[in-house]
Amino acid sequence: MGDDIDEGYEIIMSSTSSQSCTTWATIQGTLIEPREKETKEQIIAKIDALYESGVPFFTKNAIRALSDQLKTKTTSGDKIITKDLTGASIEWKVKIGKPIKLIYGDDLPENRKECAYSEAGVGYTSKPSLKQSLDWYGVQDTAYEPLSLTYRIRQLDPNSKTGETIPDDLEDTKDREAVAKDFQEKSQAWEESETYQRFKSILSSEVSDHNINKIVGLACGSLALPNNENATNQTALLVTVRSWLKDRNQNTDISCYIQDPMNTSVDKEVLADIGFEMIDDPRGWLEVDERSVVLSVAPNVPVKEIIADIARPAVVIWNRVGDEDTQSTDPDTARVRKMMTGYKLHEFGDGERWSDVVIYTRESKVAPIPREDGTFQD
Ligand SMILES: C[S@@+](CC[C@H](N)C(=O)[O-])C[C@H]1O[C@@H](n2cnc3c(N)ncnc32)[C@H](O)[C@@H]1O
């Protein structure tokens, strides 16, 4: 993705999956009270020390506080305040509607685009990425802030006099009937598979006495966009969990949520038909608790790190946690490994469909009690 030629912006990144490519700008926040200058090495040591001492990097309170401000501070120039890991206040300027010029690819006239900051959202920076940012961007005021303000960047319509943006490929979806039919057909194949039977028997043998009343699917992708195999597999599995719980809980209400910013209005309708509510970030994190089943495969956000700080779900289905720290958008870190010591691992036994995704069931039937601030670190 290209360089920015507008002074106001800080970091531009594009988020690419097999389903779509979107552009996001993570703007820079500034410390309200400047602190003494620190070297990169000092900051890295402090991030490690904060992590080791159990300071949660993600809390429901901090995510909720930022999200609440995003709902009310919507005019360019408004200010949003967050508190970093050291307790220092960071100020973020709202930029919605502000123009930005971007160069997509090589700096050729045809690659220069007039764009605008569009929807604002929460950005999540994992512990490894906080440290890596120091190499990439140097020492910044947000060195100790895992939450950030991020904007969807949309191209301005050159024919519009009122600053309209061009709809992107996310609006270019199949219609509801076609998407629903495709999902039903693929779900049927899943329900006829041995893996489906095996998955249900794992639930029955491992968590039939766990108190579970919620399902949260994170980053499953879109059923309505092309290349929806993974989204379909993951959503079909969540539907299986829902049916299993409905049978087990004698049809009592099970809250079922799906959060992926890529989801479209067609996804929303199709998901509603199968009992799932499409929700916007950051509600998914706020919903996850000890009575939840959580699924997240190859997300572009540090789901494992966020969940390790805020909840001990009854079941998590995500990519196998390794013994070493990883550098990815959803890294394995010491806290994630520590969380997993309370879980039992089960293989899907179907590497073709599920690759390195595994099922973790919480050993303790009784839901662990979080700390007073709702987090789980010692
Ligand atoms: C590499 S794709 C993986 C999609 C799918 N799970 C799969 O296995 O192919 C990463 C997904 O993370 C989603 N994502 C990014 N930020 C997210 C957020 N804050 N909450 C939930 N999903 C998010 C993206 O929209 C994208 O669908």
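Lys46 is partly exposed, with a relative accessible area of 32%, where buried denotes a relative accessible area under 20%, exposed one over 50%, and partly exposed the range in between, as computed with a 1.4 Å probe on protein chains only. The structure is a predicted model, in which local features need a pLDDT of at least 70 and side-chain atom pairs count only at pLDDT 80 or more, whereas totals for chains, interfaces and linings use all residues. Residues are numbered from 1 along each chain as its sequence is written, and side-chain values use heavy atoms, with hydrogens and water left out.

Lys46 belongs to helix H1, which spans residues 40-52; helices (H or I, at least four residues) and strands (E, at least two) are DSSP runs, numbered from the N terminus. Apart from residues up to four places away in sequence, Lys46 touches Glu38, Thr86 and Tyr144, a contact being defined by heavy atoms within 4.5 Å. The C-alpha atoms of Lys46 and Leu85 are separated by 9.9 Å, the two residues being 39 residues apart along the chain. Thr74, in the loop between helix H2 (60-72) and strand E4 (79-83), is likewise partly exposed, at 40% relative accessibility. When residues up to four places away in sequence are not counted, Thr74 touches Val94 and Ile96, and its C-alpha atom is separated by 9.6 Å from that of Gly97, which is 23 residues apart from it along the chain.

The largest nonpolar core has 55 residues, and those with the most contacts inside it are Trp285 and Trp318; such a core is a set of buried Ala, Val, Leu, Ile, Met, Phe, Trp, Tyr and Cys residues joined through side-chain atoms within 4.5 Å. Helix H9 (residues 303-310) gives the most to this core, contributing five residues. At least three residues of the core are drawn from each of domain 1 (11-171) and domain 2 (176-362), the domain bounds coming from an automatic or database domain assignment. With neighbours within four places in sequence left aside, the contacts of Trp285 include Lys60, Ile63 and Tyr124, together with Val303, Ile306, Ile307 and Ile310. A second, separate core comprises 40 residues, among them Ala224, Val270, Leu295 and Trp354.

The count of disulfides comes to zero under the criterion of a pair of cysteine sulfur atoms within 2.5 Å. Cys256 is in no disulfide, and the nearest cysteine sulfur, that of Cys220, is 12 Å away. Cys256 is buried, with a relative accessible area of 4%, and Cys115 also counts as buried, at 1% relative accessibility.

A cis peptide bond, with omega of about 10°, joins Asp281 and Pro282, and Pro282 is found in the loop between strand E11 (277-279) and helix H8 (283-287). Ala298 has a positive phi, near 50°; this residue is placed in the loop between strand E12 (292-296) and H9 and counts as exposed, at 57% relative accessibility. A positive phi of about 50° is also found at Ser355, which is not a glycine. Ser355 lies in the loop between helix H11 (351-354) and strand E15 (357-362) and is exposed, with a relative accessible area of 55%.

The ligand is surrounded by 16 residues, of which the closest are Ala219, Gln234, Asp260, Asp281 and Val297, a residue being included if one of its heavy atoms lies within 4 Å of the ligand. Polar contacts are pairs of N or O atoms within 3.5 Å; within protein, one atom must be able to donate a hydrogen and the other to accept it, and residues adjacent in sequence count only if both atoms are side-chain atoms. A nitrogen atom of the ligand is 2.6 Å from a polar backbone atom of Ala219, and a ligand nitrogen atom is 2.8 Å from a polar backbone atom of Val297. An oxygen atom of the ligand is 2.9 Å from an N or O atom in the side chain of Asn230.

Arg362, in strand E15, is buried, with a relative accessible area of 4%. A polar atom of the Arg362 side chain lies 2.8 Å from the backbone oxygen of Ser364. Beyond its neighbours within four places in sequence, Arg362 is in contact with residues including His210, Glu290, Arg312 and Tyr343.
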